Amino acid sequence: MEDQALVMKNVCKDFKVLNRHEGLKGSIQDLFSRDYKTISAVKDVSLEVARGEIIGYLGPNGAGKSTTIKMMTGVLEPTSGEILVNGKVPYKNRTENCENIGVVFGQRSQLWWSLPLIESFKLLRDLYMVPEKQYEDMIELYRSLVDIEPIINKPVRQMSLGQRTLSDILAAFIHNPAIVFLDEPTIGLDVSMKDKIRALIKGLNKEKNTTVILTTHDMGDVDALCRRIVIIDKGTKIYDNDIEHLKGYFGSYRTLHMKLADDTWEQMLIDEKTTDVMQVITEKQKVTKIKDIRLEEISTEEVIKKIYEGEAV
Amino acid sequence: MEKKKRGLRFYADIYRKILVQDLKTKMSYRADFIISTIGMIMVNLSGFVTFLILFRNFPTINGWDYYHMLFLYGFSLVALTPVQCFFDNNWNLRFHVTSGDFIKYCFRPVNVFFYFMSEVFDVKGLGQLAFGIGTLIYAWVHIGIPVTPLVIAKLIVFLLTASLFMIALMNAAAATCFWIRNSGYVMVIMFRFKDFAKYPSSIFSGVFSFLFTFIIPIAFVAYYPSLVILEPDNVPLLSWLSPLLGVLFFWLSYKFWMLGVRKYDFTGS
């Protein structure tokens, strides 16, 4: 157990929701109604994450990702099952758990809005009671990983979204936590900023052996950072293994790109077991001229899409 | 890993550091700072003018003459300063809760209530404090209350008591947002009630007197605590009990606030 950063055993989370009625009469009824229905947001999820691992925690919108993260961070209490973060039950020792985790929500800064970044860092150092030496070393490490000079004296309020995300990620590591939760860290960022952010996460993970739990809809994040992915859908874990393993299942799939007469590219996903690629091309040629052809292995994005759409693993 | 102790000193230290940073940035928005200070002075002046007009027409209210009323007025202003300065973020609570932003206050290894309140220090309260102290001293001199260390000590204790009641009221009002959507009204109503604090509770008839003493303890925001100074020979039991009640009310409101945090399910991402 000691080398596991996070353990979840048969974790379930139910929410009670009032059955709402329609119309004015219904609203009045609702005031006194005890008519609740139970919604299971997370059903019987078990998971183990080793120290230093980066896992991609994926699933379509509303699958139960955020609920799981909230339970891991100690904000929500599971209805049943057991969660251990760094060997401790997070919701029973919220403050103690917070000592050892870092959290970043893509579009919500947790830094002091009007303070320059360096002042936020110093306040966090004091909040987490980080020893001076450790703090200095961490700032040194930051300097070696990204160019923090342009942002270090800038108030968070004046930063671009990319700079803010970068700052939030740095802030989440300042107390050298065992686990960092990153919720869509690259959402809304441009391509080069995305690259920077990914490199930073990778660098911090490598230097500090920090466990990273990454939720994202951007498969570029997954390709760049994770070897292992966990997918949940409708509250149930449907996949937990390496990405390569997953691609193996769809090994016979190819993405066919065709450049048509009007210079547009058309994309098709073809299962070679059932469909002949040449046949598809011939068929297409009967209708239009094909200028160029490219055949590729299935991308992570396509694989995940297939899984979300309910293709068995 | 050893457990880190976070005691009173830690919290005081953190608060001071956040405050210093906050003030530094506030000063840098000079226009904003000046305008809000002027605004606060105007609000207090207009309150004061209303008060003067009232007394032009009624020389005494229920046996309370001008200077005693002024004392009560000044007392309530000073007592309302802490809630204005330190707990002003209560007004923003409902926005953080409905937007889901509130969750960010739960990721630090410190008390959520403290962390949330530490974010805002409202400078405007200081103008009110100066105004209140001025009024209080003016009335004090005219009534001719002796200045002894004991009276000063009593004044401080009972001012703090009065503050606790107002803080408790605002905490409780703000915390309703964890359960109901339009909690803004609850806060505004509570904040309006504070206007009644300026008047001796004895002017209210049976039902209201009971309401403002036991249900919404506005009478404790100035009337009962100030009696200890104003009428030292004739202090009602409720006045002597008010420090204890104040602590109790504050504690209850804090528990209510924290219960809201725990009950709130942070839906949405």
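How many helices and strands are there in chain A? Select chain A and count 12 helices and 12 strands. Keep in mind that this is a predicted model.

**Chain A overall**

Stay with chain A and show its C-alpha trace. Along its principal axes the trace spans about 70 × 60 × 45 Å. Colour by burial next: of the 313 residues in chain A, 36% are buried. Then turn to the contacts in chain A with a separation of 6 or more; 70% of them link residues 24 or more positions apart.

**The sheet**

Now pick out six strands of chain A, in the order β5-β6-β7-β3-β8-β9. They form an open sheet with mixed pairing. Go to the edges, where β5 (101–105) and β9 (236–242) of chain A stand. Each has a single partner strand, so one side of each is left without a neighbour in the sheet. Look along the sheet for its twist, which averages 15 degrees from one strand to the next.

Zoom in on β5(A) and β6 (residues 179–183) of chain A. The two strands run parallel and are joined by five bridges. Select I101(A) and find I179(A) of β6(A) opposite.

**The interface**

Bring chain B into view. Here 20 residues of chain A are in contact with 17 residues of chain B. On the chain A side, α2 (65–72), α3 (94–98) and α4 (117–127) each supply at least two residues. The most come from α4(A), with four residues. By class, the chain A side has 10 nonpolar, five polar and five charged residues.

**Helix on helix**

Select α4(A) together with α1 (residues 8–28) of chain B. Which way do they run relative to each other? They pack at an angle of about 175 degrees, with their axes 10 Å apart. An angle over 145 degrees counts as roughly antiparallel, and α4(A) and α1(B) are therefore roughly antiparallel to each other.

Show the side chains at this contact. From α4(A), take E119(A), L123(A), D126(A) and L127(A). They meet I14(B), K17(B), I18(B) and Q21(B) in α1(B). This contact has four nonpolar, one polar and three charged residues.

**Last stop: G7(B)**

Move to the segment before α1 of chain B and select G7(B). Is this residue buried or exposed? G7(B) has 8 other C-beta atoms within 10 Å, so it is exposed. Finally, draw a distance to F33(B), 26 residues apart along the chain: the two C-alpha atoms are separated by 33 Å.

Note on methods
Residues are numbered from 1 along each chain as its sequence is written. Chains are lettered from A and ligands numbered from 1 in the order in which they are written. This is a predicted model: local features need pLDDT of at least 70, side-chain atom pairs count only at pLDDT 80 or more; totals for chains, interfaces and linings use all residues. Two residues are in contact if their C-beta atoms, placed from the backbone, lie within 7 Å. Ala, Val, Leu, Ile, Met, Phe, Trp, Tyr, Cys and Pro count as nonpolar, Asp, Glu, Lys and Arg as charged, and the others, Gly among them, as polar. Axes are lines fitted to C-alpha atoms, for helices over the stretch in contact, and angles run from 0 to 180 degrees between N-to-C directions. Angles under 35 degrees count as roughly parallel, over 145 as roughly antiparallel, 65 to 115 as roughly perpendicular and the rest as oblique. A residue is buried if 20 or more other C-beta atoms lie within 10 Å of its own, exposed if 12 or fewer, and partly exposed in between; C-beta atoms are placed from the backbone. Two strands pair if DSSP finds at least two bridges between them.
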